[in-house]
Amino acid sequence: MRQTSDRSGYGSDPIGRTVAGVLGGLDQRIVGDRMTARMLADIPELRGDVELERALAASVAGNVETVLHGMVFGVDPGTIVAPLAALAYPRLLAQRGLPVTALVRAYRLGQASMVQQMHAAVRATDLPLAQMLAAHEWITDWSFSYSDTVIETVIAAYQRERDRWMQGRSSARVARVRELLAGDDTPDIDAASSAVGYPLRRHHLAVIAWFPDDEAGAAGGGDLVDRMESFVRALAEAVGVAEAPLFIAADHRTAWGWLPLAAAEPGSARAHAFLTAPPDGARSVTAGLGDGAPRVAVGTVRTGVDGFRRSHREAEAVRRTVGEGSAVFAGDPGVMVAALVGADPAAARAWARDVLGDLAADTESDARLRATLAVYLRHGGGFKAAAEELNMHANSVKYRVQRAIARRGRAIGDDRLDIEVALLVRDPAGERARAGH
């Protein structure tokens, strides 16, 4: 309907000239104030920060001036460059850690408010109905073309700033955390807390999340860090942290996290429930995070600077024992023993196969037998106690234990300790949920 190829004006576009005549009388300040108020009312993340609100107002004012100038003087919206204030605002949002979705929503709300005010100005004229309808369509068409162009530009500005800001902040924080982990002294806790941006006086639950090399490509490449951060935040929410967790990217496919807990025992229990909830808890809970959740190793809850270090070192140790599982918790019985044995994983797995015989086979049936045998041994050979934990009949437990012994090919009386450790090496993340199936 409109012709915008003539960038010096509207040429033969009579509707464009009509709209220009109507919009030339709009007060830019009033239009911008209404747009800003609408955004602040509907997007809570943008409120409460004086600097951010001022930057929003400046961005809106710049966009209003650009849009009205473009409409009045017949500029092709696809050729318009975003105003400087509009580019400064997304950079500030990125520095505040606010999501890009808030930026896009602000533009859509701003566009809606501006178009509504323009439509009101057209309705206030005595234009014939056909011209009025054509003017409404022209305004809507022009504004969408402008928004599409500018939103793409500001998103790119946001992403560049976020990448730059996060890289700089993360690099500095990673260096400070590595220094803290490498030391054995007791630093000034308040100064160290300020340096890493994390409350070191709390109880700490350390988390290591990662994608193995063979899974990293299939999991999406560039967004791995975002997925790991989402996982740590999901764990923090499930556990119930006292303050914001600490998350840093150790490399492109490995992340370290610490959850500050107000109390040790409830936090530990909730973390365990999160990681072991059937089926395959860590993956099921994070199913909405993308096509593949990270693997995770979790230390035990410990206190202070020394606890910050020890919980992380535990997570590092048990990380080697994850095997084919998705999560392993250092607090589970025997896991740290398996972690120590797992200092040479290949040798440990070979030894476990020797100890378990055919029971080490990679089948669902053998996995259930191993799980039942592990619980039975942990309860000192008590069928009743094992049955209560597994929610099974004692005779069913007895049958499975006998089948496990048969699969192994020899009795379990003389080397029970070896068997318990071998079961942990073979199934480091635990198979208790599978045992009840």
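## Helix packing and cores in a predicted chain

Buried residues make up 45% of the 437 residues in the protein chain. Buried means under 20% relative accessible area, exposed means over 50%, and partly exposed lies in between (1.4 Å probe, protein chains only). This is a predicted model, in which local features need pLDDT of at least 70, side-chain atom pairs count only at pLDDT 80 or more, and totals for chains, interfaces and linings use all residues. Residues are numbered from 1 along each chain as its sequence is written, and side-chain values use heavy atoms, with hydrogens and water left out.

The protein chain has 19 helices and 6 strands. Helices (H or I, at least four residues) and strands (E, at least two) are DSSP runs, numbered from the N terminus. Contact means heavy atoms within 4.5 Å. Of the contacts in the protein chain with a separation of 6 or more, 72% are accounted for by residues 24 or more positions apart.

### The cores

A nonpolar core is a set of buried Ala, Val, Leu, Ile, Met, Phe, Trp, Tyr and Cys residues joined through side-chain atoms within 4.5 Å. The largest nonpolar core has 49 residues. Those with the most contacts inside it are Leu 46, Met 71, Tyr 89, Leu 93, Met 118 and Ile 139. The most comes from α6, with 12 residues.

Take Leu 46. Leaving aside residues up to four places away in sequence, Leu 46 touches Leu 40, Leu 52, Glu 53, Leu 56, Tyr 89, Leu 93, Leu 98, Ala 102 and Ala 106. Another core, of 26 residues, lies apart from the largest one. Among its residues are Ala 338, Ala 387, Met 392 and Ile 419.

Two packed helices are described by the angle between their axes and the distance between the axes. Axes are lines fitted to C-alpha atoms, for helices over the stretch in contact, and angles run from 0 to 180 degrees between N-to-C directions.

| Pair | Axes come within | Crossing angle |
|---|---|---|
| α2 and α3 | 9 Å | roughly 135 degrees |
| α2 and α5 | 9 Å | roughly 140 degrees |
| α3 and α5 | 12 Å | roughly 45 degrees |

Angles under 35 degrees count as roughly parallel, over 145 as roughly antiparallel, 65 to 115 as roughly perpendicular and the rest as oblique. So α2 and α3 are oblique to each other. The pair α2 and α5 is therefore oblique, and α3 is oblique to α5.

What is the handedness of the crossing of α2 and α5? That crossing is right-handed. The crossing of α3 and α5 is right-handed, and α2 passes α3 in a right-handed crossing. A crossing is right-handed if the near helix is turned clockwise from the far one by less than a right angle, and left-handed if anticlockwise.

Now the residues. Nonpolar here covers Ala, Val, Leu, Ile, Met, Phe, Trp, Tyr, Cys and Pro; Asp, Glu, Lys and Arg are charged; the others, Gly among them, are polar. The contact of α2 with α3 includes Val 31, Met 35 and Met 39 of α2 and Leu 56, Val 60 and Leu 68 of α3. Its residues divide into 9 nonpolar, 3 polar and 2 charged.

The contact of α2 with α5 includes Arg 34, Arg 38 and Asp 42 of α2 and Arg 105, Leu 109 and Gln 117 of α5. By class, that contact has 8 nonpolar, 4 polar and 4 charged residues.

The contact of α3 with α5 is made by Ser 59, Asn 63, Val 64, Val 67, Leu 68 and Met 71 of α3 and Tyr 107, Met 114 and Met 118 of α5. This contact has 7 nonpolar, 2 polar and no charged residues.

Asp 27 sits in the loop between α1 and α2. Its relative accessibility is 37%, so Asp 27 counts as partly exposed. The C-alpha atoms of Asp 27 and Leu 68 are separated by 10.0 Å, and the two residues are 41 apart along the chain.

Is Ile 248 buried or exposed? Ile 248 counts as buried because its relative accessibility is 2%. Ile 248 lies in strand β2 (residues 246-251). Not counting residues up to four places away in sequence, Ile 248 touches Arg 173, Val 174, Val 177, Ala 255, Trp 256 and Trp 258.

Asn 391 is placed in the loop between α16 (383-390) and α17 (394-408). With a relative accessible area of 71%, Asn 391 is exposed. Its phi is near 60 degrees, a positive value in a residue other than glycine.
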